[in-house]
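Open the model in your viewer and keep the sequence panel beside it.

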Amino acid sequence: MNPACYICGGSGCYHYVRDKERSIFRCSDCGVFFVYPQPTPQELSRLYDEGYYTGRKEENTGYKSYRAMSDWLVWIAEERMKIMLQSNPSLSGKIHDVGCATGEFLQVAMKRGFQASGCDLSESIVQGCRERGLEVYATTIHGLPYGASSFDAITFFDSLEHTLTPVRDIQRT
């Protein structure tokens, strides 16, 4: 029996591809792809450790060198900020980036006058952000030391699809 979609609850999910441990299913109701069975929080922490960002993973997952992509990541962050400001020109104040990685979006937001903070699962990435003066927490959105209503905007760039509870994460905002 195929699992139900953990986004819309639909039962019309079909098998898409399988690796050693998990399968990817697609929901025919909402179109989302999802991993089944979902990894545990401990497995996610191991997956997104320092090796994910430096190419030192035996599983051949992640990036060869995330920091080497910094110029491109800054450009992407600037484009995202432009889109956000075009869709909401009066946006100002506090922004929080969930899954902030090395913090390029936070830096761009701060240059635009925002008070920016972020969170990520990788302790080593968070430490690197802190060493560069960024306010970053090693947690999910549910472990933040303040309420989500404290922010004028919360982003999930390239991270929502990596969470175990995306609907609950969005509801937290």
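Two strands count as paired here if DSSP finds at least two bridges between them. Helices (H or I, at least four residues) and strands (E, at least two) are DSSP runs, numbered from the N terminus. The model is predicted, so local features need pLDDT of at least 70 and side-chain atom pairs count only at pLDDT 80 or more, while totals for chains, interfaces and linings use all residues. Residues are numbered from 1 along each chain as its sequence is written, and side-chain values use heavy atoms, with hydrogens and water left out.

Select residues 13–18, 23–27 and 33–36. You have an open sheet of three strands, ordered E1-E2-E3, with antiparallel pairing. E1 (13–18) and E3 (33–36) are the edge strands; each has a single partner strand, so one side of each has no neighbour in the sheet. From one strand to the next, the twist averages 35°. Axes for such angles are lines fitted to C-alpha atoms, for helices over the stretch in contact, and the angles run from 0 to 180 degrees between N-to-C directions.

**Stop two: E1 against E2**

Five bridges join E1 and E2 in the antiparallel sense. Pick Cys 13: Cys 27 in E2 stands opposite. Then pick Val 17, whose bridge partner in E2 is Ile 24.

Which residues of E2 make up its covered face, and which its uncovered one? Ser 23, Phe 25 and Cys 27 are on the covered face; Ile 24 and Arg 26 are on the uncovered face. In a regular strand, side chains alternate between the two faces of the sheet.

Now move across to E3. E2 and E3 pair antiparallel over four bridges. Ser 23 has Tyr 36 in E3 as its bridge partner. Five residues separate the strands in this hairpin, and Gly 31 there takes a positive phi near 90°.

**Stop four: Thr 173**

Jump to helix H6 (166–172); Thr 173 lies in the segment after H6. Thr 173 is partly exposed, at 44% relative accessible area; buried means under 20%, exposed over 50%, and partly exposed in between (1.4 Å probe, protein chains only). Show its side chain: a polar atom there lies 2.5 Å from the backbone oxygen of Ile 170. Finally, select Gly 118, which is 55 residues from Thr 173 in sequence and 13 Å away in space, C-alpha to C-alpha.

Terms used: A polar contact is a pair of N or O atoms within 3.5 Å; within protein, one must be able to donate a hydrogen and the other to accept it, and residues adjacent in sequence count only if both atoms are side-chain atoms.
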